[in-house]
Amino acid sequence: MAIIVDEKTNVLVQGITGNQGTFHTKQMLGYGTRIVAGVSPGKGGQTVEGVPVYDTVAAAMENHQIDASVLFIPAPFAKDAAFEAIAAGVRVVVIITEHIPVHDELEIIAFARRRGTIVIGPNTFGIVSSGRCKIGIPPNQFFVPGHIGVVARSGTLTYEIVANLTANGLGQSTVVGLGGDRVVGLSFVDVLEKFEKDPETRAVVLVGEIGGNAEEEASLFIKKMTKPVVAYIAGKSAPPGKRMGHAGAIIERGKGTFEGKVQALTAAGAGVATLPFEVPGLIKEALG
Amino acid sequence: MKLYEYMGKELFARYGLTVPRGKMVTSPDEAAAVAAEIGAPVVIKSQVLSGKRGKGGGIKFADTPEEAREAAAQVLGMTVQGLKVEMVLVEEKLAIDHEFYVAITVDGAAKAPVLIASAQGGMDIEEVPDEFIVKEHLDVCLGVQPYLCREVCRRLGLTGAVAKEFGRLLPTLYRIFREKDAELVEINPLVLSGEKLIAADAKVTIDDEALYRQKDLPVVDDRTEAERQAHALGLSYVQLDGNIAVMANGAGITMGTLDIIQYYGGAPANFLDAGGGTGMEATAKALEILLSTNPRVIFINIFGGITRCDDVARALVKVKQEKGINVPVVIRLVGTNEEEGVRILRENGIEAYKVMHEAAAKAVELARAQG
C-alpha cells in the first residue's frame, strides 16, 4: 500500500518532447515509474525514451490505460493542458509548472472538483511512493521504501528532510508535494486523511511554511489522528509583508505566522522540529 | 503588483464605477489648481503602497485652493509607514451618509474567490466583528449572479435604490477581479452619498504571474535594484537587513536556511532562491548580485535535485577568478553531481560542507569575526 499512486499506476507525460519533459521522463523511468505515453501537440507518432507520443490526451487514452498525468508545460499553456487531462478523465493530474497565474489555478481546481480529479500542485515536485512510483522531479536516490508518510508545501526542503529520514533508516511510504502556490489541488487534511487510513504508514511528517492557514487547519485533523505527526515549519525569521518565493509564503495582516502555526500544531499533539535535521529523532521518539 | 490608489480608481472608472472627482499631482501648485477646478472643499491623500495612511498624517482636508496648496506641501515629502510620499491625490470631499466595505480576493484554503462585504466600512476589516461581515465564496464558473447580490444586500440590510446600486457594483467588481488577474480588489470605504455609491478608496493587487497578459495596466515597481536584477534572471530575491548573504535553491529550503542562520544568532542579508535547474551563468550572476550588497559572509546552501552541484561550483569559481570575492564564502553542496562539484571547489582551494547546520554555524561564526 501507499497513497494515491503505486507500482500499478500508468502515467502519461504532457509536454514530453520539451527539455524538462524528456529529462524527467528518463529519470522517472529510471526510478521504475510506468510511463506508458506522452503528449505533445503536433509530435504524435514520435517516441521519447521509447515512450509513444500522441497529439492529444484523448488519443493517448484510446491506446492506453492511463491513471495519472504529469505536466511539464510552460505556465501560459498549463491551464489548457490541465483541462485536457481532466476532461479526458485522468484520475490524478500532477502539475509541476511554476508561475501559473492564480486565476488559471482557480479555474483548474474548480473544473477538477466537478470531475472528481485529484490535482497535485501546481508548483510541486510531485508525488513519490518510494520504491514504486515517482511522478515528478525529485532526485531518485534519496527516496527509499518505508513507513513514514511525508506531506509538504515546498520541494527542496522536502528533499532535505527525506534525505535526513533515509540517512536515519526511516524510509517513506509516500511523499506528497502539495505545491507552493496559494491555490493548489490538495490540502494537508486531504493527504493526512489518506495517511491515517494507509496501513503501511506508521507516522507522518508535515513540512509547512509561513503564510495562509493550511497548517492551522491541519492541526484540527491531527488532533483526531491515531498516528503520530512531526512537523517542521519554514519561515520563522521571515519579516511580515515580504513574499518568500512561494506565492503563499507571506505573513499578511499578522496572519499565517510561524508562532501561530507552531502553537496550533503543538496543541494538536504534533511534535515540532526547530531545524530540519531534528525530524528523524522526533519521529523515532514518537514511534517509541 | 500593488496599484496606487489613483491607478485603482482610474481602473474602476473605466469599468463604470463611480469614483470621486479628482487628480493625482506631484506639486503644491498643481494641488491648488486641481482644488480650484473641482471647487473646494477637497481631500489631499498621499499616494503610497500602504494602508493606514490617515493614522500616519498622510490624509488632509482643505477648504480653499490655498489650503490645498499648504496641505499638499506638508504631505509631499513626508514619510508614511516608512514610505516617502512623492504623489498626492486631490479629490472632492464627499458628503458621507454611510460607509461600506466590499472586497473580492482569493481564498487559498477554500481554493476559490471570496466576496467580503460589511455595512461597517471605513475601518480595518480585521477590526470588524464577524457577525457584521458577509462572506460568500464564489464559483469561478458562475461568478457573481443577481441572486447572490440580492442575498448580500439582504444580509447587509440594504433595500430600495441602494440595494439596486449595490447589485450593479458587485458584478462589476468581480469582472475587474477576473479580467485584470487581481489577487485583491477592495473598496474601503464605499461611500453612500445620497443615492450614489462612490468608491472613496481603491486597493488593487494584480497577480505578478499574470503581468505578461496585463499589458494595459500601469507598471508599479517598488523593488530594490538587487531585487530587480535577480528578477530579470528569473530568481526570487528579497532584501533583508542582516549581513550574511544567502543563496539556496528552492523557496522552502531558502526560508529554512534563513531560519537556521537566525537560530545560530546570525542575521541574513537577503532571501535568494536560485530556483531549480538554474545554470552556471545565472548562478554566477546571482552571486554577483549578492556581492553587490556588501555582505560580511556569503552562505550558499545547495541540495541539488535539478540543480547540478558542478554548475554551482563552476559558477563560484568563475566569479572568484573574474570578479574576485573579498568576503568569506561558506558553501554546502550535496545532491546531483556532488563529487564533481566538490572536486572543482577543492582544486580552487574551497572546502564544501555536507551538512546544512554545520555550514550555517560556520557562516554565523565568520560573520561575527568580521564584525
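Which residues of chain B are linked in a network of salt bridges? I listed B:R308, B:D310, B:D311, B:R314, B:E340, B:R343 and B:E347. My rule for a salt bridge is a side-chain nitrogen of Lys or Arg within 4 Å of a carboxyl oxygen of Asp or Glu. By this rule I count 42 salt bridges over all chains.

**Ground rules**

I am working on a predicted model, where local features need pLDDT of at least 70, side-chain atom pairs count only at pLDDT 80 or more, and totals for chains, interfaces and linings use all residues. Residues are numbered from 1 along each chain as its sequence is written, chains are lettered from A and ligands numbered from 1 in the order in which they are written, and side-chain values use heavy atoms, with hydrogens and water left out.

**Entry: the annotated pair in chain B**

I looked up the UniProt record. An unreviewed entry there places the feature "binding site" at B:N188 and B:D201. UniProt positions are given in the numbering used here, feature names are shortened, and annotations may be inferred rather than shown by experiment.

I took B:N188 to begin with. B:N188 sits in strand β11 of chain B, residues 182-193. Helices (H or I, at least four residues) and strands (E, at least two) are DSSP runs, numbered from the N terminus. Is B:N188 buried or exposed? B:N188 is buried, at a relative accessible area of 14%. Buried means under 20% relative accessible area, exposed over 50%, and partly exposed in between, with a 1.4 Å probe and protein chains only.

Next I listed contacts, meaning heavy atoms within 4.5 Å. Setting aside neighbours within four places in sequence, B:N188 contacts B:F100, B:Y101, B:G121, B:G122, B:M123 and B:D201. The B:N188 side chain also reaches the backbone nitrogen of B:G122 at 2.7 Å.

Then B:D201. This residue lies in the loop between β12 (196-199) and β13 (203-206) of chain B. Its relative accessibility is 14%, so B:D201 counts as buried. Not counting residues up to four places away in sequence, B:D201 touches B:E5, B:K9, B:F12, B:K45, B:R53, B:E186, B:I187, B:N188 and B:P189.

The side chains of B:R53 and B:D201 meet in a salt bridge, 3.4 Å from N to O. B:R53 lies in the loop between β3 (42-46) and β4 (59-62), and B:D201 in the loop between β12 and β13, so the pair ties together parts of chain B that are 148 residues apart in sequence. Both B:R53 and B:D201 are buried.

**Entry: where chain A meets chain B**

How many residues does the contact take from chain A and from chain B? I get 53 residues from chain A and 51 residues from chain B. The area buried between the two chains is about 4,200 Å², with carbon and sulfur atoms giving 59%. Buried area is the accessible area (1.4 Å probe) that two parts lose on being put together, summed over both.

I count 15 residue pairs in polar contact between chain A and chain B, both residues at pLDDT 80 or more. A polar contact is a pair of N or O atoms within 3.5 Å; within protein, one must be able to donate a hydrogen and the other to accept it, and residues adjacent in sequence count only if both atoms are side-chain atoms. On the chain A side, 9 residues come from α4(A), the largest share.

The salt bridges between chain A and chain B number 5. I checked two pairs. A:E107 and B:R178 meet at 2.7 Å, N to O. The pair crosses from helix α4 of chain A to helix α5 (residues 160-179) of chain B. A:E107 has 18% relative accessibility, so A:E107 counts as buried.

B:E183 and A:R243 form a salt bridge at 3.6 Å, N to O. This pair runs from strand β11 of chain B to the loop between β13 and α8 of chain A. B:E183 is buried at 10% relative accessible area, while A:R243 is partly exposed at 25%.

**Entry: a lysine in chain A**

Last, I looked up A:K261. A:K261 is in helix α8 of chain A, residues 258-267. At 0% relative accessibility, A:K261 counts as buried. Leaving aside neighbours within four places in sequence, I find A:K261 in contact with several residues, among them A:R153, A:E209, A:E215, A:E216 and A:I233.
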